[in-house]
Amino acid sequence: MSDRWDYDNMFIDGAWTADDTVGVIKVIDPATEEAIGSVPEAGLKATRAAIAAARRAFDDGPWPRTSPRDRAKVLRRFAAILDERHNFLKKLVMAESGSVGFLADIIQVRGTIDIAEWIAEAMELAVRWTEVSPPAGGPTGMAGHVVVREPVGVVAAITPFNFPFFLNIVKVLPALAAGCTVVLKPHQWTPLDAFEIAKAAQDADLPPGVLNVIAGGPEVGAEMTTHPLVDMVTFTGSTTTGRAIMAAAAPTVKRLQLELGGKSASIVLDDVPEDHVANMGIITSMIHAGQGCAIQTRMLLPEHLLDAYVDGAKRSASSLKVGDPRESDTLIGPLIRERQRARVEAYVQSGLDEGAELVFGGKRPAHLAKGFFYEPTLFVNARNDMRIAREEIFGPVLTVITYKTEEEAIRIANDSIYGLGGGVITGNTARGFNVARQIRAGNVSVQTVGPPTVNVEALGSSGPGWSADQPNGVGITGVFGGFKQSGIGREWGHHGIEEFTELKSIAWS
């Protein structure tokens with residue numbers, strides 16, 4: 001019999017309650033289509049109770065007035081509890097999200113706990129909580145000025161299904177670090193880990209009302225984004241939903257942090273050797289079955305390298321195991337639901353209808369009778385005006401577009417309503433950096449091919465005060481967010497904490 005995770009109560013105002021639930025949300029494993037758990041479905045009354053609890057905890061409770069140092073002590077306990085429960089959480093998250101094992105280790109679970117530990121350890125010093133100007137003389141004597149960061153208030157956090165535990169933590173912990181109070185609503189397809197986050201918060205002695213966890217559908221989200229007692233909405237999901245949230249939040253002028261869709265382009269420059277192109281494969285575009293907003297699902301390739309890439313991609317595809325995420329050699333797991341698979345199938349058909357060439361994939365794996373699986377799919381000879389090149393598919397589909405000049409490649413990359421991610425593959429780091437600067441996206445990678453010029457393992461320490469093992473994982477360094485219609489605001493690192501603060505200027509004389 002499969003493992004089950006059933007939760008009978010919501011977490012509101014520091015207590016577990018079933019009051020004002022309107023039903024039960026059943027959760028299934030996308031790899032097996034079997035029920036693996038359930039959570040209570042909140043109605044509008046329960047949603048308002050959670051918001052009111054967060055409001056009281058912010059207006060009257062100790063958390064916003066607690067020093068960053070003391071908040072850090074609580075968050076360290078919180079992170080330690082998550083770490084103790086790592087194995088349990090890994091099994092749960094893989095079951096509810098369909099994540100394969102290596103992705104659970106890098107991002108979905110282990111990497112997420114590392115983020116929680118970093119926030120707890122670094123928040124006190126990573127953020128400049130006060131900026132004091134030198135004293136100056138004035139008509140009444142000595143005058144002074146200080147800029148302080150204060151918590152923005154009550155935060156509504158709404159998260160998607162693809163990286164549930166990761167995104168719940170990336171939203172909740174920075175908000176808590178800033179001194180905010182939070183109402184968290186996970187996606188109804190992947191709500192289970194959010195209830196474990198609530199358990200950890202309770203066990204870490206987070207004050208009542210500081211974190212509230214409810215589950216529900218669009219009507220619950222609509223209440224959270226319009227309620228006058230909510231000061232800020234942080235959301236990850238589609239651009240379409242992001243637009244609706246902006247409109248809903250406008251009457252009360254809420255602060256927004258929106259991480260939305262993407263159609264990221266990877267530019268392979270003409271100085272990349274043919275043998276390297278033949279070995280690039282497709283796996284980076286197929287991570288989590290393509291269910292990632294920043295995955296580079298458009299490849300811009302010099303015309304003379306297309307044949308070499310196609311030959312290599314065919315070999316790569318034949319070695320990618322699609323199947324049960326719990327098997328250690330599986331590289332591509334399922335899509336989250338049948339509805340998502342049908343969406344991918346419709347996009348593939350549109351590519352065929354518009355004249356793109358299907359190299360491989362484009363169908364359900366014949367050997368998998370259960371689960372929402374889809375074969376890795378490659379289109380070539382596509383145009384940038386096709387739907388498969390312009391719209392976010394959210395499935396294991398890579399679209400290759402050829403170009404003649406570097407300027408054309410940059411133009412194609414930027415010819416999109418999105419601006420979340422991008423990449424440059426080159427034989428020259430300086431050239432790659434200069435091209436990356438011209439891509440209008442919030443997150444751009446540069447990969448230099450060829451023999452390494454430095455023995456990284458021999459470097460050891462990076463100098464006084466530095467260590468070769470400094471935290472450098474996903475969600476810790478850098479920032480994450482998009483240009484254009486890929487979003488507003490930034491996550492990760494100290495910037496992610498600062499998003500949940502307001503700047504106040506205080507002068508005295």
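1. A quick word on labels before the tour: helices and strands here are DSSP runs, numbered from the N terminus. Keep in mind that this is a predicted model.

2. α4, α6 (164-178), α11 (283-286), β15 (296-302), β20 (421-426) and β21 (443-448) each give its lining at least two residues. The space inside comes to about 1200 Å³.

3. If you want to find the middle of that pocket, look for Thr-284, Ala-294, Ile-295, Gln-296 and Ser-445, which lie nearest its centre out of 44 lining residues. By class, the lining has 21 nonpolar, 21 polar and two charged residues.

4. Next, have a look at α6 from its other partner's side. The axes of α5 (residues 110-126) and α6 come within 9 Å and cross at roughly 10°. Angles under 35 degrees count as roughly parallel, so that is what α5 and α6 are to each other. On the α5 side you'll see Thr-112, Ile-113, Ile-115, Ala-116, Ile-119 and Met-123, meeting α6 residues that include Phe-165, Phe-166 and Leu-173. This contact of α5 with α6 counts twelve nonpolar residues, one polar and no charged.

5. Now for α4, and how it sits with α3. Helix α3 (residues 86-97) and helix α4 (residues 101-108) have axes that come within 10 Å and cross at roughly 115°. That makes the two roughly perpendicular, and their crossing is right-handed. Lys-90, Val-93, Met-94 and Ser-97 of α3 make the contact with Gly-101, Ala-104, Asp-105 and Gln-108 of α4. Sorted by class, the contact of α3 with α4 holds three nonpolar, three polar and two charged residues.

Methods: Residues are numbered from 1 along each chain as its sequence is written. This is a predicted model: local features need pLDDT of at least 70, side-chain atom pairs count only at pLDDT 80 or more; totals for chains, interfaces and linings use all residues. Side-chain values use heavy atoms; hydrogens and water are left out. Axes are lines fitted to C-alpha atoms, for helices over the stretch in contact, and angles run from 0 to 180 degrees between N-to-C directions. Helices (H or I, at least four residues) and strands (E, at least two) are DSSP runs, numbered from the N terminus. Angles under 35 degrees count as roughly parallel, over 145 as roughly antiparallel, 65 to 115 as roughly perpendicular and the rest as oblique. A crossing is left-handed if the near helix is turned anticlockwise from the far one by less than a right angle, and right-handed if clockwise. Contact means heavy atoms within 4.5 Å. Ala, Val, Leu, Ile, Met, Phe, Trp, Tyr, Cys and Pro count as nonpolar, Asp, Glu, Lys and Arg as charged, and the others, Gly among them, as polar. On a 1 Å grid over the protein atoms alone, a cavity is a set of points where a 1.4 Å probe fits but cannot get out, and a pocket is an open set with protein on both sides within 12 Å along at least five of seven lines; lining residues have an atom within 4 Å of a point. Grid points are joined across faces, edges and corners, and a volume is the space filled by probe spheres set on the points.
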